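Let's take a friendly walk through some aromatic rings, a few charges and a pocket. Have the sequence and the 3D view ready.

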Amino acid sequence: MSPSRASDFMQCPLLYRFRVIDKLPEKPSEAATRGTLVHAVLERLFDAPAVERTAPRAKALIPGQWDRLLVSRPELAELFAQDADGERLAGWLAEAERLVERWFSLEDPTRLEPAERELFVETELESGLRLRGVIDRVDVAPTGEVRIVDYKTGKAPRPEYADGARFQMSFYALVIWRLKRVVPRRLQLVYLGSGEVITYDPVEADLERVERKLLALWEAIRLATETGDWRPRPTKLCGWCDHQALCPEFGGTPPVYPLTVGVPGSA
């Protein structure tokens, strides 16, 4: 289980099915792709010596990282296929520049030496549930304290909608705790869209609650997999979903369920 897929199920079980079981294709979006580009730039900037980690240097990395992204994911070229004069692409790249530049008002990379960047982590809980994910940045203080940092290219959510981001960071903290037996001292969300930094300092009890939540979530996923009962959960986010044509909430019919459905109570 990854934090993204866990969030999918909590948002809408049918969305989880479409993405994980049916593996339905989704069109790339300008916003998500810009986020990927900005993440790549901020990761690569730390390859330079501290004194050279400047805003002009970071912005200069954008064209090359965009070219690399197109090589690894050629389908992204579809985003600007109808942009004959390149105006939309230029505006999109300019917004990426603004996000990168804003980061320098929130953190000082000349004073940071990340222990890890784009770190893939994976651990197996005692229950057998395997957790995995990719952490944007891990900082380790000389005293050994760990800080997990995640870059967000959108705006910080209002407090009543902040649970999703906190869940993702707590997920990563749980994995680090189970792997290294160290509770991260701080979880830090850097919102480039609104220029805000939100922090959360977890304790063991918090991470134990997250683990119990993940186990309950996995049990719900297991049950839905066995029964084929993937119910849609309509919210305001439905307007952004690529699968409305297949969703019963919008008059659609999902594809034939590709897995064998078990009979409750059978041996």
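## A buried pair of rings

Phe9 is buried, with a relative accessible area of 8%. Trp230 counts as buried too, at 6% relative accessibility. (Buried means under 20% relative accessible area, exposed over 50%, and partly exposed in between, using a 1.4 Å probe and protein chains only.)

Before going on, note that this is a predicted model: local features need pLDDT of at least 70, side-chain atom pairs count only at pLDDT 80 or more, and totals for chains, interfaces and linings use all residues. Residues are numbered from 1 along each chain as its sequence is written, and side-chain values use heavy atoms, with hydrogens and water left out.

## Aromatic pairs

A pair of aromatic rings is described by the distance of the centres and the angle of the planes. Here, rings of Phe, Tyr and Trp (its six-membered ring) pair if their centres lie within 6.5 Å; planes under 30 degrees apart are stacked, over 60 edge-to-face, and the rest tilted. That rule gives eleven aromatic pairs. One of them is Phe9 with Trp230, an edge-to-face pair at 6.1 Å centre to centre with 85 degrees between the planes. This pair links distant parts of the chain, 221 residues apart: Phe9 is in helix H1 (residues 3-11), and Trp230 is in the segment after helix H8 (204-227). (Helices, H or I with at least four residues, and strands, E with at least two, are DSSP runs numbered from the N terminus.)

Trp66 and Trp92 make a tilted pair, 4.8 Å centre to centre and 55 degrees between the planes. Trp66 lies in helix H5 (residues 62-72) and Trp92 in helix H6 (residues 87-103), so the pair ties together parts 26 residues apart in sequence. Trp66 is buried at 6% relative accessible area, and Trp92 is buried at 2%. Elsewhere, Phe46, Trp103, Phe104 and Tyr151 form one aromatic cluster.

## Charges over rings

Which ring does the charged end of Arg178 sit over? That would be Trp177, with the charge 4.2 Å from the ring centre. Arg166 lies over the face of Tyr200, 4.3 Å from the ring centre. (The rule: NZ of Lys or CZ of Arg within 6 Å of the ring centre and within 35 degrees of the ring normal.)

## The second largest pocket

Residues lining the second largest pocket include Asp139, Glu145 and Arg185. (On a 1 Å grid over the protein atoms alone, a pocket is an open set of points where a 1.4 Å probe fits, with protein on both sides within 12 Å along at least five of seven lines; lining residues have an atom within 4 Å of a point.) Strand E2 (130-140) and strand E3 (146-152) are the elements that give two or more residues to this lining.
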